[in-house]
Amino acid sequence: MPTIYADAEDGYVSIFNNTTSWSSARDATSGTASGDSDASRVAAVRAGKIPGRGGVTNWSVTRSFMFFDTSAISTPLDSCELGIYGVTNGTGVMNVCKATSDISTLTTADFNSITGWSSGDNLNNVTLYTDSTVGSWSTSGYNTITLNRAAMDDITSNDALYICILNHTYDLRDTEPTTGNEYLNGMYYADNTGTSKDPYISYELHSNSVFFGTNF
């Protein structure tokens, strides 16, 4: 199956809030930190509520963003997979959804650069790129995630596939974590040396399609 690796602009946007509430952290329009040059991150996807010094509560949310150049694909796909190499943490249940093209230059302003995003439960607002949650996460190898028809149609129709990976249970569904719990998933990004651990999509063209003159 042909493979496309993520653009090196992939990375994370996070917020850490210890002054107000879960909703003020999760529904923020801008993050407090971002990075697009990390080789990996042990908290690439995060949702938590941790007690801090002086009786304060620390709420944390991290989302990872990446995009793939799909400009060479204009014919229907039979299948597509997203590959993410995990590292260290694998305690959260995640989902993959459609991000906006703003993430092509990733900054803290892209915290909620997710198509259809709003406050509250977003299960029915965003465009999900998976038909089921990602609940099992290897921390020492590739995690293969099957992308759905919505993702495959966007690959065929657009020059790039923009993705957000976020915690499903707490972030996407807007459920405040219980005190003392933090759900983390680590992953490698495209800035890791070489491509042996880079995020990728692999796909299979429809059996009657022609790609650069070759029948698949």
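Visitor: What should I know before I start reading?

Guide: The model is predicted, so local features need pLDDT of at least 70 and side-chain atom pairs count only at pLDDT 80 or more, while totals for chains, interfaces and linings use all residues. Residues are numbered from 1 along each chain as its sequence is written, and side-chain values use heavy atoms, with hydrogens and water left out.

Visitor: Which residue caps the N-terminal end of α2?

Guide: Look for a polar contact, a pair of N or O atoms within 3.5 Å; within protein, one must be able to donate a hydrogen and the other to accept it, and residues adjacent in sequence count only if both atoms are side-chain atoms. The cap is N148, with a side-chain oxygen 3.2 Å from the backbone nitrogen of A150.

Visitor: Let us turn to β11. Which strands pair with β11 in the antiparallel sense?

Guide: Two strands pair if DSSP finds at least two bridges between them. Strand β1 (residues 3–5) pairs with β11 over three bridges in the antiparallel sense, and I4 has I201 as its bridge partner there. β6 also runs antiparallel to β11, joined by six bridges, among them the one between C80 and Y203. As for cover, five of the six residues of β11 are buried.

Visitor: Now the charged residues. How many salt bridges does the structure hold?

Guide: Side chains of opposite charge can pair when their charged atoms come close. The criterion for a salt bridge is a side-chain nitrogen of Lys or Arg within 4 Å of a carboxyl oxygen of Asp or Glu. The structure holds 10 of them.

Visitor: Which residues does R26 meet in salt bridges?

Guide: R26 and D171 meet with N to O at 3.6 Å. This pair links distant parts of the chain, 145 residues apart: D171 is in helix α3 (residues 168–172) and R26 in helix α1. R26 also pairs with D174, the closest N and O atoms being 3.8 Å apart; D174 sits in the loop between α3 and β10 (181–188), 148 residues from R26. R26, D27, R63, D171 and D174 are linked in a network of salt bridges.

Visitor: Are R26, D171 and D174 buried or partly exposed?

Guide: R26 counts as buried because its relative accessibility is 0%. D171 is buried, also with 0%, whereas D174 is partly exposed at 25%.

Visitor: Which backbone oxygens does the R26 side chain reach?

Guide: The side chain of R26 reaches that of G120 at 2.7 Å and that of L172 at 3.2 Å.

Key. Helix = DSSP H or I, 4+ residues; strand = E, 2+ residues; numbered from the N terminus. Buried < 20%, exposed > 50% of the residue type's maximum accessible area, 1.4 Å probe, protein only.
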